[in-house]
Amino acid sequence: MSGVTSVAWRAVRTYLRRFGNKTTVVSDLKAGLVLGVESVPDGLAAGLLAGVNPVFGLYGYLIGTIGGALAAGSVLMTVQATGAMAVIISDVPQTQGGDGASSALATLAFLTGLTMFGLGVAGAGQLVRFIPTAVLVGFINAVAVSIVLGQLDTFTGYTSAGNNRVSRALDSVLHLFDFDWLTVLVGLATIALVLVCERTFLGALGMVVAVAIGSGIAALLGPGRIALVSDVARIPNTLPTVALPDFSLTFELAVPALSLALVGLVQGAAISSSIPNPDGRYADPSADFRGQGLSNLATGLFQGMPVGGSMSATALVRSAGGRSAFANLVAAFVMAGVILLMGGLIGLIAMPALAALLILVGIRTVKPRDIAMVLRTGPVQLTVLSVTFVLTLIIPLQYAVIVGVGLAVVLHVARQSNRVVVKRWEFGPHTQLPIESQPPRALAKSEVVVLVTYGSLFFASAPVFSAQLPETQGDCAGTVVILRLRGKDELGSTVLRVLEKYAVDLRNAGGMLLLAGVNQRVHQQLRDTKVLDQLRAERVFTETPQLGESLRRALRFASEWQITQRDGSQEL
């Protein structure tokens, strides 16, 4: 831990040299104090939600906050354990008890960090935009429900039975009279206190005060009866020490690590794209990927649970006046101070008070406006949202994440394949710009047909593209089809086969296919795949900086070819 501390101190000195004015320093100190104090019960609650030693949640907050401040591209991004990531961890059996649970958690965090960092180095930050909103909305809202359902046992004092959170929640409802009502009272009182205190001068610190008062109520009403943090974990008055990962668990934890990386990165990308840095520029998502990856590598080495960019914590530090990454460093030092000086008091926190805090977080995570927007979009988006939502609730979350991403890929491919449109361009005698119309269903003899494609030409769109080409049945003597491909950076092998077959069919019917606006990459593909031999090199016109130049050359070639056909000359 001393190495991390020295790095942090060097960052502080660098900060003071760059932003040494009094206003900025005071603002960052205030924001860091608010975030640091609030993060203590929040970190314990994250550990509780993940089903691990709550101290590991607090350690994850501590190390993650330092790592984010030092390595993230977004200056104000706070890297902490998020609710979605905690729910995933709770579905990983290797972390849920036993002698090797802490080692499994450290390994999971380390593998998550490796995945995040590798994606960041590969520049994968831009890929997040390919995940549809419907998938994200379904997933986030299902996680919100899972957070609430996952805390019912702690909130009610009744141990439910069932294979998943939904069945366990139903079991709890059916055993209403088996609840420990003093435990329920502490939970309800904590929720009420949070709602009241947040509306006072305390603001975000109201959560800390509410949890403290709720724990005091538990001590008065049910000493020895209501579960405390100290009943489930020993709270040391020390900072985390190095804990090496167990790489023999790599195969077992690979899927959960990938799921955690994807969820953390998507949530972090929301920060990258919505919160600018102090200079007004938005951070590169890939840089934030690398920062989150390094944070998890450090967290895995120092007994913390996996972490990611936290929108709620980032919003809190901004609203409290934070102006630079120094605010997050201050928050980390505050958390470290609380651990060193008040470890014993942390053990006195009532478990139903933490459960109440999580239930409130879960309820606030539900996004009715986002759901309504997806519902109005159409039946396809509604189906995607519903499938993602249901799967997230009934199967382990790490697999639901993979299924959701797979569903997003399938949806993207399906939508792109159906967006390919072929249009005909016709040039009038007194107009320079073409008139666009539907292509003919079949080709007539001795005509020139200019076709333009819109959309992406790849394997899934090839059948849609082929079906829109005019039929070559019958006599097509002297007919020329010019296919304009400008703007197509690459063609799939399936599309190349479609072009090859169409050229052969058209030639057999007495006509000819010309390609115009072909870029160098596509021309190389045609040459490497030998499709150019079928099309004939002189019938493929590469693009030039002058728009329309290659099309004019193709039209001139077609005209000359038709003249030679009428004169009975040899085919060019």
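Helix H2 (22–50), helix H6 (133–150), helix H7 (152–156), helix H8 (165–174) and helix H16 (351–365) each give at least two residues to the lining of the second largest pocket. Helices (H or I, at least four residues) and strands (E, at least two) are DSSP runs, numbered from the N terminus. This is a predicted model, where local features need pLDDT of at least 70, side-chain atom pairs count only at pLDDT 80 or more, and totals for chains, interfaces and linings use all residues. Residues are numbered from 1 along each chain as its sequence is written, and side-chain values use heavy atoms, with hydrogens and water left out.

**The second largest pocket**

- The space in this pocket is about 640 Å³.
- Its lining has 32 residues, and the closest to the centre are Leu48, Gly150, Gln151, Asp153 and Thr154.
- A pocket is an open set of points on a 1 Å grid over the protein atoms alone, where a 1.4 Å probe fits, with protein on both sides within 12 Å along at least five of seven lines; lining residues have an atom within 4 Å of a point.
- Grid points are joined across faces, edges and corners, and the volume is the space filled by probe spheres set on them.
- H8 provides the largest share of the lining, four residues.
- By type, the lining holds 13 nonpolar, 13 polar and six charged residues.
- Ala, Val, Leu, Ile, Met, Phe, Trp, Tyr, Cys and Pro count as nonpolar, Asp, Glu, Lys and Arg as charged, and the others, Gly among them, as polar.

- Strand E6 covers residues 480–484, and five of its five residues are buried (under 20% relative accessible area, 1.4 Å probe, protein chains only).
- Val480, Ile482 and Arg484 point one way from E6, while Val481 and Leu483 point the other way.
- E6 pairs in the parallel sense with strand E5 (residues 448–454) over five bridges; two strands pair if DSSP finds at least two bridges between them.
- From E5, the chain crosses through helix H20 (residues 462–467) to E6 in a right-handed β-α-β crossover.
- Right-handed means that, with the strands pointing away from the viewer, the path from the first strand over the helix to the second runs clockwise.
- Arg484 in E6 is the bridge partner of Val452.
- E6 also pairs in the parallel sense with strand E7 (residues 512–518), over five bridges.
- Here Val480 stands opposite Met512 in E7.
- E6, helix H21 (residues 493–508) and E7 form a right-handed β-α-β unit.

**Cysteines**

- The disulfide count is zero, where a disulfide is a pair of cysteine sulfur atoms within 2.5 Å.
- Cys197 counts as buried because its relative accessibility is 9%.
- Cys476 is buried, with a relative accessible area of 0%.

Notes:
Buried < 20%, exposed > 50% of the residue type's maximum accessible area, 1.4 Å probe, protein only.
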